[in-house]
Amino acid sequence: MIIDYYALKARSFTYLLQLYYTSEKWTTLPVGAMPNFKYSVALAKFHLEQKGSSSSKTEATLSGSDVVSQSPPSDDLLQEALIMFPSVLLPLVKKAKVDLPPALAEHGY
């Protein structure tokens, strides 16, 4: 499922949050069980926090302001994603070109 990628590319952040929080109603496997969705939702929420939830026409036409305002902050969503899928951390750190302390970089987990 790559709909999260296209939602981010289209800057349809509210749509992505709505999809994430309503998926439990219509599927047996919530999208929150997929690593890409966990990280994409955190990124979408971050963008909405930076610009405000009604910054574009696409976002303004959606009635997702309740979802946006009631969802946790983006840093909490990112923390949740990292706890559920820790194997993504090192590739993210490498991509961001962040230097980790040697003890952390060489940790077996």
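A salt bridge is taken here as a side-chain nitrogen of Lys or Arg within 4 Å of a carboxyl oxygen of Asp or Glu. The structure is a predicted model, in which local features need pLDDT of at least 70 and side-chain atom pairs count only at pLDDT 80 or more, whereas totals for chains, interfaces and linings use all residues. Residues are numbered from 1 along each chain as its sequence is written, and side-chain values use heavy atoms, with hydrogens and water left out.

A search of the whole structure returns one salt bridge, in which the side chains of Lys-38 and Glu-80 meet at 2.3 Å, N to O. Lys-38 lies in helix 3 and Glu-80 in helix 6 (residues 74-84), so the pair ties together parts that are 42 residues apart in sequence. Lys-38 counts as buried at 6% relative accessibility, while Glu-80, at 35%, counts as partly exposed; the cut-offs are under 20% relative accessible area for buried and over 50% for exposed, with partly exposed in between (1.4 Å probe, protein chains only).

The secondary structure of the protein chain comprises eight helices and zero strands, and the pattern read along the sequence is α-α-α-α-α-α-α-α. Helices (H or I, at least four residues) and strands (E, at least two) are DSSP runs, numbered from the N terminus. Of the 109 residues of the protein chain, 30% count as buried. Among contacts in the protein chain with a separation of 6 or more, 71% are accounted for by residues 24 or more positions apart, a contact being heavy atoms within 4.5 Å.

Helix 3 (35-51) has 17 residues, which at 1.5 Å a residue should span 24 Å, and its end C-alpha atoms are 25 Å apart, which agrees; the expected span is 1.5 Å times one less than the number of residues in the helix. The buried residues in helix 3 include Phe-37, Lys-38, Tyr-39, Ser-40 and Val-41, together with Ala-42, Ala-44, Lys-45 and Leu-48.

The largest nonpolar core holds 16 residues, of which Leu-16, Phe-37 and Val-41 touch the most other members. At least two residues of this core are supplied by each of helix 1 (3-9), helix 2 (13-26) and helix 3 (35-51). Such a core is a set of buried Ala, Val, Leu, Ile, Met, Phe, Trp, Tyr and Cys residues joined through side-chain atoms within 4.5 Å. When residues up to four places away in sequence are not counted, Leu-16 touches Asp-4, Ala-7 and Leu-8, as well as Phe-37, Ser-40, Val-41 and Ala-44.

Met-1, Ile-3, Tyr-15 and Trp-26 make a nonpolar surface patch of about 410 Å². Patches are made of residues with over 30% relative accessible area and no salt bridge, like charges being joined within 9 Å and nonpolar side chains (Val, Leu, Ile, Met, Phe, Trp, Tyr) within 5 Å. Trp-26, placed in helix 2, is partly exposed, with a relative accessible area of 48%.

Positive phi values occur at Arg-11, with about 60° although it is not a glycine, and at Lys-97, with about 55° although it is likewise not a glycine. Arg-11 is placed in the loop between helix 1 and helix 2 and counts as partly exposed at 36% relative accessibility. Lys-97 is found in the loop between helix 7 (89-96) and helix 8 (102-105) and is exposed, with a relative accessible area of 73%.

Definitions and conventions
Areas by Shrake-Rupley, 256 points an atom, 1.4 Å probe, with all protein chains shown as cover.
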